[in-house]
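Morning, everyone. Please look at the model on the screen, and I'll walk you through it.

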Amino acid sequence: MAVLEVLTVPHPVLSKKCRPVGPGEFGEDLARFISDLAETMYAAPGVGLAAPQVGDLRRVVVVDPGNSTSEQDDDGRPTNPRFLALVNPQIIEASAEKMIYEEGCLSVPDFEENVTRPRKVHIRYLDESGKPHQKWFEGYDAIVVQHEMDHLDGVVILDRVSRLKKGRYLQKRQKVRVRADGTLEY
Ligand code: NI
């Protein structure tokens with residue numbers, strides 16, 4: 001297990017669309033990557049992490065929305081981590097009912113924004129051994145899963161605010177220009 005470096009905006013990898021994990025890619029290497037991703041999430045600490053946030057363009061996320069309430073050791077890591085790994089996740093149904101939550105992101109430090117999303121989502125995904133699953137997520141769990149899935153399409157919470165607000169944030173962090181179409185100029 002290893003704690004990986006979490007990339008922050010405006011790193012170009014964070015705006016790339018990730019590729020699906022192929023049938024021949026399940027095995028030791030993927031399992032190791034997933035456990036590293038989970039360890040990085042707990043070390044941050046965070047409640048979810050997507051592969052592109054550590055520079056990997058496979059469609060893989062880990063989530064543990066219960067993290068903040070579980071018991072922690074002296075280093076602040078959960079003593080009994082129960083994360084869920086979702087490989088190639090897809091939303092197959094979403095509730096019409098929405099929910100607004102103030103989201104933050106490890107890749108967008110010192111920034112929070114109210115984001116509106118479906119309150120319930122039915123997700124189809126593969127586990128780390130390639131076995132298919134379907135699961136309903138609701139409330140905060142649904143928010144976390146949808147936020148992480150956005151990363152797989154190169155979308156961060158900064159892309160959900162006005163160009164002005166995005167530009168101000170990025171200028172504060174470093175000298176990067178936002179073009180009229182919302183893309184970044186380095
Ligand atoms: Ni995020």
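I'll take the fold, then the core, then the metal site.

A word on method. This is a predicted model, where local features need pLDDT of at least 70, side-chain atom pairs count only at pLDDT 80 or more, and totals for chains, interfaces and linings use all residues. Residues are numbered from 1 along each chain as its sequence is written, and side-chain values use heavy atoms, with hydrogens and water left out.

The fold. The protein chain has three helices and nine strands. Those are DSSP runs, numbered from the N terminus: helices are H or I, at least four residues, and strands are E, at least two. The order from the N terminus is α-β-β-β-β-β-β-β-α-α-β-β. Of 186 residues, 46% count as buried, meaning under 20% relative accessible area with a 1.4 Å probe, protein chains only.

Now the core. The largest nonpolar core holds 16 residues. Such a core is a set of buried Ala, Val, Leu, Ile, Met, Phe, Trp, Tyr and Cys residues joined through side-chain atoms within 4.5 Å. Helix α1 gives the largest share, seven residues.

Last, the metal. Which residues are the protein donors of the nickel ion? They are Cys105 (SG), His147 (NE2) and His151 (NE2), at 2.1 to 2.2 Å. Donors are N, O and S atoms within 2.8 Å of the metal (3.2 Å for Na, K and Ca); water is not among the atoms, so sites may look incomplete. Cys105 sits in strand β4 and His147 in helix α2, so the pair ties together parts 42 residues apart in sequence. Cys105 is buried at 11% relative accessible area, and His147 is buried at 7%.

Terms used:
Buried means under 20% relative accessible area, exposed over 50%, partly exposed in between (1.4 Å probe, protein chains only).
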